[in-house]
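Hi everyone, thanks for coming. Let's have a look at this one together.

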Amino acid sequence: MTSTPPAFREPTAVEKIFNRVFGFLVGLGLGFSYNYLLEVRGRKSGKLFSTPINLLQLNGKKYL
């Protein structure tokens, strides 16, 4: 039995603003101890992409 992945839903304008503000605050070091800012440089464009992530620990293993 094959299941299809859920369709991608683009974030709303409010969600985009929240993510940007939250990412900025996490980048400043304001947040919980498990909040980090993941930054990746585009392979072709060289543009820096960033997103806030939660690093969770469960049974000694770390998960994003």
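Let's start with Asn 59, which is exposed, at a relative accessible area of 76%. Buried here means under 20%, exposed over 50% and partly exposed in between, with a 1.4 Å probe and protein chains only. Asn 59 sits in the loop between β3 (56–58) and β4 (61–63), and its phi is near 55 degrees, a positive value in a residue other than glycine. Most residues other than glycine have a negative phi.

A word on the source: this is a predicted model, where local features need pLDDT of at least 70, side-chain atom pairs count only at pLDDT 80 or more, and totals for chains, interfaces and linings use all residues. Residues are numbered from 1 along each chain as its sequence is written, and side-chain values use heavy atoms, leaving out hydrogens and water.

Helices (H or I, at least four residues) and strands (E, at least two) are DSSP runs, numbered from the N terminus. Glu 39 has Ser 50 in β2 as its bridge partner. Six residues lie between the strands, and Gly 46 in this hairpin has a positive phi near 80 degrees.

On to helix α1 (residues 13–27), where we find Val 21. Val 21 is partly exposed, at 46% relative accessible area.

Methods
Two strands pair if DSSP finds at least two bridges between them.
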